[in-house]
Amino acid sequence: MNGATIANPGAPVDERDRFLRCVQGGWQPHAREWRIPVADESELAGFPPDPDRLWQAVSARAFACAEPPDDPALLAFHAPLGLTEGAWLQGLARADNAHRPEVVRLFGGYLELLGADEAASPAAAYRGMLARHGCLLPPVASRQFAYDPRVGKQALALASLRLELGWLSGDCFPEVLGFTLAYTGSVSPWRLVGLAPEERSRRLGTLAEAADQALRACLAPSPHAGQIWRRVSAGYRCYQSQEATYLAALQAMALHPVSLQERVADLLRAKANYARGYHGQASVGGKTLDAWFAEEPFDAEGFLRAFAASTYVSGPAGERPFDRLTGFGGPMFGIFSREELALIGAWLEQPRQDEPRADRETGKPRGDRPVVGGRVSLKTTDSRTPGGACTALETRELFHRLLNPHRVPDAAEAAGIYAEGVLRRAQRRIGRRGRLREAYFDYSPQGLQDWVNRVHAQEVARYKPFRGQARLRREEYEFGIRQFAPAILVDGAWLQRACAAGQQDRRLQRLLLRIYADELGAGQVEWNHPNVYRRLLRQCGIELPEVREAAFAEDAGFLDAAFDLPAYLLAIACFPERWLPETLGLNLAIELSGLGAQYRFLADELEHWGLDPLIVSLHQSIDSLAGGHAALAVEAVQIHLEQVRDLGGEVSVQAHWRRVWCGYRSLDAATRRFRWQLGLAFCRRFVPKRLAKVVQNGLRHLVTARNPFRVLSP
């Protein structure tokens, strides 16, 4: 595999910082030029020659799951991987590819790996196992976790690789297939740790079958099967190489347990930067303490040797000068926690050992050491041009760019500009008088639920059964069906980055993932909403290119404004953390629209004209308040605002609610121009025909039914 690391060329890689950026930032909101890795002839040697042989190799062990060693230190070392299982699949299904059979099937396998909800997630199971062993670690996306000395750097390095691959998985699909098959066919016990053995085996088997089906679907119609197979091999070899390197580090950790001295050294390294300038002329080993702490890097081992030989630690426990300095009233009181002081005390009580300590992760003497090795690694380069312009784009162009971010520079910058504009327009409309659906109100959990119930009751009362007289003709419906295609063919796009692997055990993110998964068919190709809509388009005689292709955005049959909403959905999805409240409000608006009487009218009339109403009836059922998407959307808002209340109180709740409501109103703001253009286009295209038909029917009626001279006609 070729390419440059994700870090700046030449910059040293700090694996703790790298992991923190990967797990916090997720999909980076700027364009990159991806260099897809390929396998050479030596890598293909010995690789199974076809899918049948590969499946036999993967399933030979029937996905047996041995138990890992029952060692708290090893569990803490492995935590970055145990808490982000499946990370290489987190960005698999996107708006441009989520309808493809191979993507739908592998995405279904990923959902099975994550479990039914946050409580069933691998991360929750791993947290439980850590807790049972008395090992409490900070949240996985926190700096404290990345820099916790108990967490292995080799585990952080491999977890970072998986997270990076996860956001590339839509572009590196063959490599991801190979990576997944190698993962499921591994004999390592360090997969899905914490789940019961039977459940681990079931989930691994389900994921393997999904990957196998996806591989066959990917190869079957392709004239480039040989090239795809090489890329599958590269992904397969990548996993095997990285796993072997990691397991060697884990074994070294088991053979060389962390000593008390190593733990104290790590503790001092974490505090050294903050200890400078406070110690005056106090010295240890002939050097002032401030001079020790000013060194880069801090020589923790040398300091500990000098400290152990100093008068600061002479005397019995509790009576040492160090004990008085760190006790109540001493100048160092509060610098160390009670647990940290107990660790230092235990180290002081053990016999002194002056020899260099073996590195806990490699078993070699401590010093500069490489991170995860192996010939195969994930590589990317940044293709942004310095000083590149970032201006507002026409929504056709923005739509295309956001579906091809790896090919087009500055896509996310333009997305931010457009989304901000839509949200500003929505903000200006907050507080204006309007219908029940539009009227702003102060938030309370019950108040939101009552409002939703009133909206639902109002819509139910508005529906009147169809009586055989359609409001529009079939050709008029077909025109509208075409214009809505850009939006519905990227259904769910606003949530495509809402749940990263590091958030799999969070209730809020899992609710959003469940909604997104349903929009994509939850692993069933025929249930996928874009696929359902394409069947309706074909029924209308409308054939369209793939949404990712330039020909789709350039299609003259679409109104320009038909791209306003889908461009906004794709744009706001680029910033899932920055605009989380607005995304929750937008999601609420979209899911509540499925409860409208308008959907029921539309389903009746499509059926009247012999058109399949499935895309409409699907939303009527899955968006319901009886546990459907509308109910999940309400719960998501309530969870978010409860979290805000815990941090900032009622004032913060109302401020965030205003942002949620701005997102709710942004659906109207993003579709306003489209509604006007659609109405005008309809009038130009169909009103003259309707008037001509009325005039023609009127004249015929006059001639044949009301002509007073008809008795004189021959």
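Student: Which residues is Q509 in contact with, leaving aside its neighbours within four places in sequence?
Tutor: A498, C499 and Q503. Contact means heavy atoms within 4.5 Å. This is a predicted model, where local features need pLDDT of at least 70 and side-chain atom pairs count only at pLDDT 80 or more, while totals for chains, interfaces and linings use all residues. Residues are numbered from 1 along each chain as its sequence is written, and side-chain values use heavy atoms, without hydrogens and water.

Student: Where is Q509 placed?
Tutor: In helix α22. Helices are DSSP runs of H or I, at least four residues, numbered from the N terminus.

Student: Is Q509 buried or exposed?
Tutor: Buried, because its relative accessibility is 6%. Buried is under 20% relative accessible area, exposed over 50%, and partly exposed in between, with a 1.4 Å probe and protein chains only.

Student: Switching to α19. What are its end C-alpha atoms apart, and what should its 18 residues span?
Tutor: Residues 445-462 should span 26 Å at 1.5 Å a residue, and the ends are 26 Å apart, so the two agree. The expected span is 1.5 Å times one less than the number of residues.

Student: Which residues of α19 are buried?
Tutor: L448, W451, V452, V455 and E459. Seen down the axis of α19, they fall within an arc of 95 degrees, so they line one face of the helix. The arc is that of directions from the helix axis to the C-beta atoms.

Student: And which are exposed on the other side?
Tutor: Q446 and A461.

Terms used. Helices (H or I, at least four residues) and strands (E, at least two) are DSSP runs, numbered from the N terminus.
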